[in-house]
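I opened this notebook to record, step by step, what I looked up in one structure. The entries follow the order in which I went through it.

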Amino acid sequence: MAEQQETILHGIAASPGIAIGEAMVINTFYTAFCEPEQKTVPRGREETEISRFDAALDVSRRELRSMQRRMQNELDVKNAGIFDAHLLIVDDQMIRQEAEQLIRTRNYSADYAFYITVNRYINAIAAMEDEYLKERADDIRDVASRILSHLQGTRNPALEQLPGRRIVIANDLTPSATAMLDRDNVMGFAVGTGS
């Protein structure tokens with residue numbers, strides 16, 4: 001029989017208490033904001049690609065509103081306010097228009113055009129000296145990851161229905177991933193980064 005090695009990690013507690021239980025490690029899929037393959041669409045298919053982009057924005061908007069309602073019902077209005085900012089990002093006309101322009105002029109796929117556009121904003125905000133503003137880059141990255149997942153047809157495993165009581169372990173959990181955590185089965189969570 002192979003001997004299991006125990007790993008002990010030390011961190012800073014964000015709330016009091018101790019949880020002992022089975023760990024569920026969430027990989028970076030939940031926070032991944034990766035550059036998609038640079039693809040182009042055939043001439044004449046630009047409007048179809050823009051419609052695909054609009055559909056991903058619509059689905060993301062509905063999901064965020066649903067999460068916001070859930071947080072308002074289960075927690076409080078103050079914590080649900082983060083989704084107001086997330087909805088503003090989905091509805092940002094500058095990002096939308098710039099991505100559309102790349103689809104029309106360079107025939108980029110919607111996911112690549114959106115990534116190029118939103119990544120420029122993320123990098124600009126992350127480079128600012130103000131810590132509060134730097135953290136807003138994480139909010140944009142969170143929303144952008146959601147939109148990209150819809151454009152690419154990927155799906156995050158359901159955090160709202162965990163297979164029993166678990167301690168969630170992740171490098172980071174975005175606000176939207178945290179909002180979806182199964183409150184009945186999450187005994188606690190530990191993250192490597194985040195605020």
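**Entry 1: order of elements.** I began with the order of the elements, which from the N terminus on run β-α-α-α-α-α-α-β-α-β in the protein chain. That comes to 7 helices and 3 strands. I note here that the model is a predicted one. I then looked up the totals for the chain and found that buried residues make up 38% of its 195 residues, while the accessible surface comes to about 12200 Å², of which 51% belongs to carbon and sulfur atoms. For the contacts, I counted those with a separation of 6 or more, and residues 24 or more positions apart account for 65% of them.

**Entry 2: the strands.** I next asked how the strands pair, and I found that 4 bridges join strand β1, residues 23-26, to β2, the two running parallel. Strand β2 also pairs with strand β3, residues 186-191, again in the parallel sense, over 5 bridges. I followed Ile 167 across both pairings: this residue of β2 is the bridge partner of Ala 23, and Ile 167 also stands opposite Gly 188 in β3. Is strand β2 largely enclosed by the rest of the structure, or open? I noted that 4 of the 5 residues of β2, which spans residues 166-170, are buried, and the strand is therefore largely enclosed by the rest of the structure.

**Entry 3: salt bridges.** I kept in mind that side chains of opposite charge can pair when their charged atoms come close. A search of the whole structure gave me 15 salt bridges, and I looked at several of them in detail. One of them is formed by the side chains of Glu 47 and Arg 104, at 3.0 Å from N to O. This pair links distant parts of the chain, with Glu 47 in helix α1 (residues 46-74) and Arg 104 in helix α4 (residues 93-106), 57 residues apart. I checked the exposure of both partners: Glu 47 counts as partly exposed because its relative accessibility is 46%, and Arg 104 is partly exposed too, with a relative accessible area of 36%.

Arg 104 also meets Glu 100 in a salt bridge, at 3.1 Å from N to O. These two residues are 4 residues apart in helix α4, so about one helical turn separates them. Glu 100 has 9% relative accessibility and therefore counts as buried. Salt bridges that share partners join Glu 47, Asp 54, Arg 96, Glu 100 and Arg 104 into one network.

I also looked up Asp 58 and Arg 61, whose side chains meet in a salt bridge at 2.6 Å, N to O. Both lie in helix α1, 3 residues apart, which is about one turn of the helix. Is Arg 61 buried or exposed? Arg 61 is buried, with a relative accessible area of 16%, whereas Asp 58, at 36%, counts as partly exposed.

**Entry 4: surface.** I searched the surface for nonpolar patches and noted one of about 290 Å², made by Met 128, Tyr 132 and Leu 133. Tyr 132 is found in helix α6 and counts as exposed because its relative accessibility is 55%.

**Entry 5: one distance.** Thr 48 and Ala 110 are 62 residues apart in sequence, and I found their C-alpha atoms 9.7 Å apart in space.

Technical notes. Residues are numbered from 1 along each chain as its sequence is written. This is a predicted model: local features need pLDDT of at least 70, side-chain atom pairs count only at pLDDT 80 or more; totals for chains, interfaces and linings use all residues. Side-chain values use heavy atoms; hydrogens and water are left out. A salt bridge is a side-chain nitrogen of Lys or Arg within 4 Å of a carboxyl oxygen of Asp or Glu. Buried means under 20% relative accessible area, exposed over 50%, partly exposed in between (1.4 Å probe, protein chains only). Two strands pair if DSSP finds at least two bridges between them. Patches are made of residues with over 30% relative accessible area and no salt bridge: like charges are joined within 9 Å, nonpolar side chains (Val, Leu, Ile, Met, Phe, Trp, Tyr) within 5 Å. Accessible areas come from the Shrake-Rupley method with a 1.4 Å probe; for residues, only the protein chains shown count as cover. Contact means heavy atoms within 4.5 Å.
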